[in-house]
Structures are given as structure tokens and as C-alpha cells.
Amino acid sequence: AYTLPYDHLVVGVGSVEDFSRYAGIADHTFPLKTFADCYRLRNHLVSVLEMASIETNPEERRRLLTFVVAGGNYAGIEVACDLVDYFRFLSRTRYPELKFQEFRVALVEAGPRILPELGKRLPYLVRYAEKRVQQLGIEVHLDTGVQAATAEGVVLNSGERVPTRTIIT
């Protein structure tokens, strides 16, 4: 046994997501809090790409290749940018029948700007991130939140419906 002396002890008990606030969130989204969540999302992405590669209906193919990320904070920006890179790679290597231009990544942020945690302290980093997100072709919806999630897609608080099979929270 090893004794570790300390002056103050801080115990972090973690947090629990409240999926009850929005209809369908618990059933139709992919949270990314644990390794198991990430593994589940990865398997879902592969499954969706497999389905899209053989889909002949253009509307369904577009729905399969549309990915919505809820939240424009650090994690949301990272996930959206990584998805674009992942799809660019996969469309060149494993799924040449899927053209990179067919992929649509949409980022939904409830506030007026992405990366709200940087606030007014580091505006140049926010501007850099905004420019990078634009260069990657990520569709950004500011001042917009998720109202509900269904098996057919996401409903934004603006009333817009985005057909998709993949909503990442």
C-alpha cells in the first residue's frame, strides 16, 4: 500500500446527460462520452456508408450521407472536422463509388458563434476555426438548436427538418 499525503481532496463524481429535455434524443442520437460510444458511432458510420454505396434512390442516399453534429464547442468542432477528413479518406480508398462531394456535415450551434468557451478572450482562434470550418465545407447553423430527433432525421428549433441517419451529440 502507498500513502499519498494531501492538503485538499477534490472528488469529481462526473455528470449524467439529460436526454429527457428533447424528444427522441436518447433513441436517435450518438453521444460521445465513452470509448464504447465512439466504437458504436464508428460501427454506425461504416454501416451507413455500406448502405449508401448501394443505394439507388438519390433522396435516401443523400439522407444516409448527411451527418449532423449538435454543439459548436471544442468537441463538436473536432468531431465535425474529423468527419470531413474521415469521409475524404474513405471516399478515396474504401468507397470510391461515394463521391466526396456527396457528403454533408452540418454543425448546429445554439449560440451566435462557434467555440463559445473561447468567448471574448481569444477571438482570433474563433476566427481561425470559423475559416477552417468553412474551408472544409461544413454547413454551420448558428442561433439554432435541436428540438427533436427521429429515425428520419433531426428537427431544428427553427422548424427546419434535416433528413439524416446520424445525429451526434
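Me: What should I know about the model and its numbering?
Reply: This is a predicted model, in which local features need pLDDT of at least 70 and side-chain atom pairs count only at pLDDT 80 or more, while totals for chains, interfaces and linings use all residues. Residues are numbered from 1 along each chain as its sequence is written, and side-chain values use heavy atoms, with hydrogens and water left out.

Me: How much of the protein counts as buried?
Reply: A residue is called buried under 20% relative accessible area, exposed over 50%, and partly exposed in between (1.4 Å probe, protein chains only). By this rule, 39% of the 169 residues are buried. The C-alpha trace spans about 65 × 40 × 35 Å along its principal axes.

Me: Which residues touch the most other members of the largest nonpolar core?
Reply: In soluble globular proteins, nonpolar side chains tend to be buried together. A nonpolar core is a set of buried Ala, Val, Leu, Ile, Met, Phe, Trp, Tyr and Cys residues joined through side-chain atoms within 4.5 Å. The largest core here has 33 residues, and Leu49, Leu83, Phe87 and Ile138 touch the most other members. Two or more residues come from each of helix H2 (35-54), strand S1 (66-70), helix H4 (74-93), strand S2 (104-108) and helix H5 (123-135). H4 gives the largest share, eight residues. Another core, of ten residues, lies apart from it; among its members are Val68, Val146, Ala149 and Leu156.

Me: With which residues is Leu83 in contact, leaving aside its neighbours within four places in sequence?
Reply: Contact means heavy atoms within 4.5 Å. For Leu83, the partners beyond those neighbours are Leu45, Phe67, Val69, Val105 and Ile168. In the protein, 64% of the contacts between residues at least 6 apart in sequence join residues at least 24 apart.

Me: How many aromatic pairs are found in the whole structure?
Reply: Rings of Phe, Tyr and Trp (its six-membered ring) pair if their centres lie within 6.5 Å; planes under 30 degrees apart count as stacked, over 60 as edge-to-face and the rest as tilted. The search finds six such pairs. Tyr86 and Phe87 make a tilted one, at 6.1 Å centre to centre and 40° between the planes. Tyr86 is partly exposed because its relative accessibility is 27%, whereas Phe87 is buried because its value is 0%. Phe100 and Phe103 are also tilted, with 6.4 Å between centres and 35° between planes. Phe100 is partly exposed at 26%, and Phe103 is buried at 12%. Ring pairs link Phe67, Tyr86, Phe87, Phe100 and Phe103 into a cluster.

Me: Where is Leu115 found, and is this residue buried or exposed?
Reply: Most residues other than glycine have a negative phi. Leu115, in the loop between S2 and H5, has a positive phi of about 55° although it is not a glycine. Leu115 counts as buried because its relative accessibility is 6%. Asp143 has a positive phi as well, near 55°, and belongs to the loop between strand S3 (139-141) and strand S4 (146-149). Asp143 counts as exposed because its relative accessibility is 52%.

Technical notes
Helix = DSSP H or I, 4+ residues; strand = E, 2+ residues; numbered from the N terminus.
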